There are 2 protein chains.
Amino acid sequence: MSENLNKLKKLLGEVSDINRAASILSWDQQVNMPPQGGEARGQQLATLSKISQEKFTSDEVGRLLEDLKREFADADSSSDDAAMIRVAARNYDKAKRVPPEFVAEQAIVATKAFEAWVQAKGKSDFSIFRPLLEKNVELVNQYVSFFPPGDHPYDTLLDDYEPGMKTAEVKAIFDGLRPKQVKLIKAIKDSKQVKDDFLHKKYNEKKLWDFGVDVATKYGYDWSRGRQDKAPHPFETTFSVNDVRITTRYEAENPMAMLFSTFHESGHAMYEQGINPKYERTALSGGTSLAIHESQSRMWENLVGRSLPFWEHFFPALKKTFPSQLDGVSLKSFYKAINKVAPSLIRVNADEATYNLHIMLRLELEIGMVEGTLAIKDLPEIWNAKMQEYLGITPPNDAKGVLQDIHWSYGSVGYFSTYALGNLVSAQLWEKINQDIRNLDDQIRAGNFSELLGWLRAKVHVHGHKYDPQDLVQKVTGSKITPEPYVRYLTKKYSEIYGL
Amino acid sequence: MSENLNKLKKLLGEVSDINRAASILSWDQQVNMPPQGGEARGQQLATLSKISQEKFTSDEVGRLLEDLKREFADADSSSDDAAMIRVAARNYDKAKRVPPEFVAEQAIVATKAFEAWVQAKGKSDFSIFRPLLEKNVELVNQYVSFFPPGDHPYDTLLDDYEPGMKTAEVKAIFDGLRPKQVKLIKAIKDSKQVKDDFLHKKYNEKKLWDFGVDVATKYGYDWSRGRQDKAPHPFETTFSVNDVRITTRYEAENPMAMLFSTFHESGHAMYEQGINPKYERTALSGGTSLAIHESQSRMWENLVGRSLPFWEHFFPALKKTFPSQLDGVSLKSFYKAINKVAPSLIRVNADEATYNLHIMLRLELEIGMVEGTLAIKDLPEIWNAKMQEYLGITPPNDAKGVLQDIHWSYGSVGYFSTYALGNLVSAQLWEKINQDIRNLDDQIRAGNFSELLGWLRAKVHVHGHKYDPQDLVQKVTGSKITPEPYVRYLTKKYSEIYGL
């Protein structure tokens, strides 16, 4: 192997070790840390982040990448080494463009903005958050200015989460999707509603936990390389391909969320566990983008975990576990209840049919803020108007409207659309999978997920960061990300449930 | 404040952050890590250790320390800053003397030696471990050669664990102690033995855990800055003065060990929680030596936790918790049982009266190995002869003899005596405490430990690394480490229990 490549791998391997050490510290912070441990932990994380950044943006890494780009100019561009150099060089270029002083300033403003957001949300008063959000957006625009101009300033932001994806592409996808989802929701609203009161009874936490673990085990989540803990928010985190952990939580008002969180996070985790072990400690480790990651979690949560065949297998066991709560509830009623559509104010509680509309609203507002065509002061009003337009409901206050999400408080803009894109990709992959595995429903009905997981491993997981998201979807399904499969999936599913 | 001092604090603060991040990774490895996570974790720890070492031994740190030594030459030597510079300079000097290649070689040999030790212990065959132990001792001598010659080569090794302590001092202390402990044990052996069968019944793990937590809480272990988990071996670990954790374990054959482990580790933890917060991220953070640390853990485990006044308070609750196991057992019988003396083969299971003899045996062998006056091949034979001489028993095989401890497998020599010194210091402090707090027994009998903890905080804990162990003991008790208080303590306690 090239001596330069060896040197680069050694240096980037150390950067990866530091970053993953930081992930362990963050996981511990959310799962185990005693109440007073926060200040020192923040300091430790800041030090690790600083060292990682210094090491990654060192002149030596820059020189090696320059040399390697020349060395590999004529190499097979599909080789792992070529891909590794390409991705590392892109990350290096991005990291070098943003001055460390800017990163520090953004972190300080984010802390203040987060505090203002907490206060504003508590008092449901947008005016408290407004000046900080204005500052955040100013910094976001400054961030964009460090990069060569794209077709749209928002492209730079999107690229951090979905490498290679353009704002125009996302807009086109969403423009195709929005009227169809709005129409579907209207039709559902005019139909006979489903009953789900039995889902909101008291369910024993330990039993829900065990049931979730049992499903994740059958899915194929490898516990010898993972574990589940409780945390305030469900998440997946990766310390190595052999140590991929998930968390879940118990919500008294919505006990079933514990189960579906486990399904969702185990989907993320199986992606990470399936990445080529050769990519460890290189730029190719980890899932390739947030949308592709979300396609995996959403697939196991929804396309599998909220499907009828799935519950044909698991409902008898669930009923046995919760005999009083599910007394007299048929499989069909249960299936309908967990798929109930109800336009609601809060994104994170949204069902499959309405979720994307929450995202589209946010994307439009973000683009407007970044373009400067939307004044921050008008945000609450526009938010409420769009909620009425898309979902037919209007938030009673800012806390349940424009202030509900944490993302803008820490200056994160460009993230939201990945959730909706993930939904689309999950359905697009699903159509392809069902062409390749003709009796998939029967397998699921038998509680057998190994062929499905094998397919995902071979087509998606194993590649890690090697392909950009659009290229990966193209390679696997024959076309770039497109909304049609998701529309077909929603329409079919909800036509049956609501008799449309 | 001096600009140089500010710079040094910043640099050493980062080194401290990295080291504590490594501690978090190690804790996680022992408490949470899934089975397959080990290889990547080893890599991550190696990277953190390398970066910490590079940063700490950088020329910049060296220059700053030189400048600061001059700058503080006339400063009050008892000031925190002067102490911090003194301790940091000593650590720097030590770290600089040992070449990184040597550290790497020692780590590689240690890994091989550890594997050989595991195999040798499994087969109870010293000859498998012998060549690796010879290599380890060779490296230990090479390590010693990096330092200016002391009065004895073993001084260099001891100094890493007990800064400032000399081999001759430890030998003198042990020489004074050994005949008295041997004599005491003989007298006990000739007395009526105590009954402890009820301690080895089945005790519910959860209830033992809760009881231990209750005691640690009453002791004053601050759970808002700590937590307890299960691990294969009990230990204490510090992530910051506000995050000090302990572990314990359940042993079916010896269930009470779970309780006493919690007492012991909470003693370590309260020491760390009590250190001056100003010392955080400097060379003065953490306990000053292993012996002083052990004096704290042993005090809460034994001088408090195995005392009659303690159980006068807690025995009724214990009996209520385990009514069938302790049916018909009186307070006195229970107290005698948990203090039963029985010369045994295994150090970690030894009682208070025999424990130090296990240590003395090891110290003599270590000194012989390092001096070269003892051939490694003769180790098993000499071990067995000394066991017979000191404890009146002979190991049936090497696994229960010379191969029982892990320490030599990873090349750690110089560590053992700190355990015995800790016992001595605990009794020495205890005499002083009882002069200062005249009704301490009554307080303990009432389950009140706050004045005791307050005393330890003010006299020992708060100082962190500021004073070397001998200086600290001198400062607090009026004399250096001496065996007499421990002998008095043992003689009084066991004379009562065994009617000597």
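Arg90(B) is partly exposed, with a relative accessible area of 22%, where buried means under 20%, exposed means over 50% and partly exposed lies in between (1.4 Å probe, protein chains only). This is a predicted model, in which local features need pLDDT of at least 70 and side-chain atom pairs count only at pLDDT 80 or more, while totals for chains, interfaces and linings use all residues. Residues are numbered from 1 along each chain as its sequence is written, chains are lettered from A and ligands numbered from 1 in the order in which they are written, and side-chain values use heavy atoms, with hydrogens and water left out.

**Salt bridges within chain B**

- Over all chains, a search of the whole structure finds 90 salt bridges, each being a side-chain nitrogen of Lys or Arg within 4 Å of a carboxyl oxygen of Asp or Glu.
- Arg90(B) takes part in one of them with Asp468(B), and the closest N and O atoms of this pair are 2.9 Å apart.
- Because Arg90(B) belongs to helix H4 of chain B and Asp468(B) to the loop between helix H18 (450-459) and helix H19 (469-477) of chain B, the pair ties together parts that are 378 residues apart in sequence; helices here are DSSP runs of H or I with at least four residues, strands are runs of E with at least two, and both are numbered from the N terminus.
- Asp468(B), the partner of Arg90(B), is buried, with a relative accessible area of 11%.
- A salt bridge also joins the side chains of Asp80(B) and Lys278(B), at 3.4 Å from N to O.
- This pair links distant parts of the chain, since Asp80(B) is in helix H4 (residues 80-97) of chain B and Lys278(B) is in the loop between helix H10 (256-273) and helix H11 (290-304) of chain B, 198 residues apart.
- Asp80(B) is buried at a relative accessible area of 19%, whereas Lys278(B) is exposed at 61%.
- In a further salt bridge, the side chains of Glu54(B) and Lys50(B) meet at 3.3 Å, N to O.
- Glu54(B) and Lys50(B) are four residues apart in helix H2 (residues 38-56) of chain B, which means that about one helical turn separates them.
- Glu54(B) is partly exposed with a relative accessible area of 40%, and Lys50(B) is also counted as partly exposed, at 33%.

**Where chain A meets chain B**

- The contact, which means heavy atoms within 4.5 Å, takes 39 residues from chain A and 39 residues from chain B.
- Between them the two chains bury about 2,900 Å², 54% of it on carbon and sulfur atoms, where buried area is the accessible area (1.4 Å probe) that two parts lose on being put together, summed over both.
- In chain A, the residues that lose the most area to chain B are Pro34(A), Gln36(A) and Gln44(A), which together make up 17% of what that side buries.
- Six salt bridges are counted between chain A and chain B, and one pair whose side chains meet in a salt bridge is Lys50(A) and Glu14(B), at 2.7 Å from N to O.
- Salt bridges also link Glu14(A), Lys55(A), Lys50(B) and Glu54(B) in a network.
- There are 14 residue pairs in polar contact between chain A and chain B (both at pLDDT 80 or more); such a contact is a pair of N or O atoms within 3.5 Å, and within protein one must be able to donate a hydrogen and the other to accept it, with residues adjacent in sequence counting only if both atoms are side-chain atoms.
- On the side of chain A that touches chain B, the elements giving two or more residues are helix H1 (3-31), helix H2 (38-56), strand S2 (236-240) and strand S3 (243-248) of chain A.
- H1(A) supplies the largest share of that side, 11 residues.
- The residues on that side of chain A divide into 14 nonpolar, 10 polar and 15 charged, with Ala, Val, Leu, Ile, Met, Phe, Trp, Tyr, Cys and Pro counted as nonpolar, Asp, Glu, Lys and Arg as charged, and the others, Gly among them, as polar.

**How the two copies are related**

- Chain A can be laid on chain B with an RMSD of 0.1 Å by a turn of 180° and a shift of 0.0 Å along the axis, which is the relation of a two-fold axis; the superposition is by least squares on the C-alpha atoms of residues with pLDDT of at least 70 in both copies.
- The copies meet through the same surface, because 100% of the interface residues of chain A are also interface residues in chain B.

**Two buried serines**

- Ser52(B) has its place in helix H2 of chain B, counts as buried at 7% relative accessibility, and touches Val15(B), Ile18(B) and Asn19(B), not counting residues up to four places away in sequence.
- Ser261(A) lies in helix H10 (residues 256-273) of chain A and is buried, with a relative accessible area of 13%.
- Leaving out residues up to four places away in sequence, Ser261(A) touches Pro234(A) and Thr248(A).
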